[in-house]
Amino acid sequence: MREIRVINVFREAWEAIERFLEAPPKRILGILIVALTCLFLSGGLFCIIMRTPAVITTPRGFVFYYPGIDYQTGAEAFIVFLLMIMGVVGLLMIHQSMSQPRSRGRSLAFTLLGLLLIAICMLALAWLIYLKVLFYV
């Protein structure tokens with residue numbers, strides 16, 4: 001009798017997995033795709049494969065970014081990943097405020113906050129690239 005219950009549990013679990021794979025929730029897939037895209041674009045895959053250190057220790061302290069364009073630290077990849085996610089959140093805020101406007105003030109606030117997040121993201125990424133190229137030469 002116990003074996004039949006165990007088999008039924010596995011069968012129900014397998015059927016639940018099959019139902020999920022037939023029609024997975026769109027929101028979960030969207031979040032997963034955006035996170036993986038940001039991970040790949042930030043250099044996270046390079047850090048995983050090359051097993052780069054999180055930070056570089058020097059006599060003057062810790063360095064979170066590698067001064068050069070041919071290498072990257074784990075902290076730098078993580079910072080770039082967070083900045084890219086911040087830019088995506090800004091885009092989503094603008095999209096949400098434009099597609100479902102509730103009130104004029106709230107839509108304007110969400111749009112301006114989204115633009116601010118995108119601007120901070122772009123300026124911080126440009127500053128990181130400037131630091132890498134400046135000390136590379």
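Helices (H or I, at least four residues) and strands (E, at least two) are DSSP runs, numbered from the N terminus. The model used here is predicted: local features need pLDDT of at least 70, side-chain atom pairs count only at pLDDT 80 or more, and totals for chains, interfaces and linings use all residues. Residues are numbered from 1 along each chain as its sequence is written, and side-chain values use heavy atoms, with hydrogens and water left out.

**Exercise 1.** State which helix has the lowest confidence in the chain and which has the highest.

Solution. Confidence is given as pLDDT, the predictor's value for each residue, from 0 to 100.
- Step 1: the chain has a mean pLDDT of 85, and 93% of its residues reach 70 or more.
- Step 2: the lowest mean, 74, belongs to helix H1 (residues 2–22), and the highest, 92, to H4.

**Exercise 2.** Describe the lining of the largest pocket.

Solution. A pocket is an open set of points on a 1 Å grid over the protein atoms alone, where a 1.4 Å probe fits, with protein on both sides within 12 Å along at least five of seven lines; lining residues have an atom within 4 Å of a point.
- Step 1: the volume, the space filled by probe spheres set on the points, is about 310 Å³ for the largest pocket.
- Step 2: its lining includes Arg 27, Gly 30, Leu 92 and His 95.
- Step 3: helix H2 (26–42) and helix H4 (74–99) each give two or more residues to this lining. The largest share, 6 residues, comes from H4.
- Step 4: by class, the lining has 7 nonpolar, 3 polar and 1 charged residues.

**Exercise 3.** Which residues make up the largest nonpolar core?

Solution. A nonpolar core is a set of buried Ala, Val, Leu, Ile, Met, Phe, Trp, Tyr and Cys residues joined through side-chain atoms within 4.5 Å; buried means under 20% relative accessible area (1.4 Å probe, protein chains only).
- Step 1: the 8 residues are Cys 38, Val 80, Phe 81, Leu 83, Met 84, Cys 121, Leu 125 and Leu 128.
- Step 2: Leu 128 touches (heavy atoms within 4.5 Å) Ile 79, Val 80 and Leu 83, not counting residues up to four places away in sequence.

Key. Nonpolar A, V, L, I, M, F, W, Y, C, P; charged D, E, K, R; others polar. Buried < 20%, exposed > 50% of the residue type's maximum accessible area, 1.4 Å probe, protein only.
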